[in-house]
Amino acid sequence: MALRKKVLLKVIILGDSGVGKTSLMNQFVNRKFSNQYKATIGADFLTKELQIDDRLVTMQIWDTAGQERFQSLGVAFYRGADCCVLVMDVTSPTSFKSLESWKDEFLIQAGPRDPENFPFVVLGNKVDLENRMIPTRKAQSWCQEKNNIPYYETSAKEGVNVEKAFETVARNALAREKEIDQQADFPIPIRIPQQEDPPKRDGCSC
Amino acid sequence: MAICLSFFPPSGKFQVLIERYISLQANGNVDTPEVPISIYAKVCQKRLEKILQTGPKKGLKKPTFEEIELSKHTIHFPSMFGTTLEEVMAMQRTRYPERRLPWIQTILSDEVLRLNGAQIEGIFRVPGDLDSVNALKVKCDQWQFPSVEDAHLPASLLKFWYRELAEPLIPSIFYEQCILNCDKVEPCIRLVNSLPEINRIVLTYLIRFLQIFAKPENVTITKMDVNNLSMVFAPNILRCDSDDAKVIFENARKEMLFIKILILNLDTDSIEGVI
């Protein structure tokens, strides 16, 4: 590869309602935090350019509504994702418990190649609050069990660790991008001539 | 077969065969005094129809033993979740002949209020613990109501009940009109009044209930203003049939506006005291 083409990374943020998905995205992209309490409608994305080593990458970050209806709507949104950010609220045990189903849901809907090694990043948000319920250790050990998912504790409100977390998101997505690039690096496409009658197969195709 | 059909849809080829087989069994001609096959066949019919729409229930995961047990149990004791309003009413007729509204709707709504849900931050937005919500659902299906402490549990289950109705609370034939008129008060109100009677009263009860949460003194604490309430409830009241993600998201805003108009404008006094 002589020319380094510009890279677009598609990142999906998932997690229960009210854990701070929109706030994290806003803090990362606009460096702003709003105290407004607002349920997200459908899904929306923001982009941000980022320098990772010698590469300029554009991150397209998809914020999704945590509402139940949109959970079954993933396919169109999840497909083609390069990294998935799972968010929980460290003051809400329920949101921690849900991580597992969000992860499964994503893998089922997005259907990535090599799901075992698909890059996830887990964020424990709202560490600025005092009534914390999920200890760091507990979250870390969950992440370790899941093939060593990177874990960050963030505060979208105070901008703690947000930048760092998203940089890891970009790096991990980029690493995967490279692997796939190499796999798909065939110089000339092979053409298979169309046949009039496809050969009959025995049995069922499933 | 009924149990299988609550988890796995048949392939396209097999679907035709299985439909024919089920319909042959459903007419009652093959019933024996010991085994009323047609009852099973009718359950199979319903489950087949549902699973074809929704796809495999658990994605790639195996069903648990509890889920299989429940699937078996509900052959003879149908759940009040995932049915039509008419079926729910029929189910409670002998137990509560005087009730005009579904028992499950009123008991869950009352419970949210009793647990001070109108004063809890993020009510109806923050989900309840999934296992506890499921446990509550199982109890409700046995007409019991255990005491719970977290208002998010009945709140989540209530949303789930509306969302899972076999036909949306505002039936599909009215959907387009809701979207078209989502910014006009009069047509929205008229639309509600033109709904089938049971849908109209169930919806009016729900809107009256949401009007309590929309009061300023509650919103300051819950942070769930009329916009948020409409946003989280719209998907439980209206169901967009499109597969096109773009259409779904464009409509989501309109669905929300429609519900907002109802919360702000629908006169719900007529439902006062009705159970």
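Here are legends for close-ups of a predicted two-chain model, covering chain A and chain B.

**View 1. Where chain A meets chain B.** Counting contacts as heavy atoms within 4.5 Å, chain A puts in 21 residues and chain B puts in 31 residues. Together they bury about 2300 Å², with 62% of that on carbon and sulfur atoms. Buried area here is the accessible area (1.4 Å probe) that the two parts lose on being put together, summed over both.

**View 2. Charged and polar pairs between chain A and chain B.** You get 2 salt bridges between the chains, each a side-chain nitrogen of Lys or Arg within 4 Å of a carboxyl oxygen of Asp or Glu. In one salt bridge, Lys97(A) pairs with Asp131(B) at 2.9 Å, N to O.

**View 3. The helices on chain A's side.** H2 (68–71), H3 (74–78) and H4 (93–110) of chain A each supply at least two residues to the side touching chain B. H4(A) gives the most, with 4 residues. Helices are DSSP runs (H or I, at least four residues), numbered from the N terminus.

**Notes.** Residues are numbered from 1 along each chain as its sequence is written, and chains are lettered from A in the order in which they are written. Local features need pLDDT of at least 70, side-chain atom pairs count only at pLDDT 80 or more, interface totals use all residues, and side-chain values use heavy atoms, leaving out hydrogens and water.

Technical notes: Polar contact = N/O pair within 3.5 Å; in protein donor to acceptor, adjacent residues only side chain to side chain.
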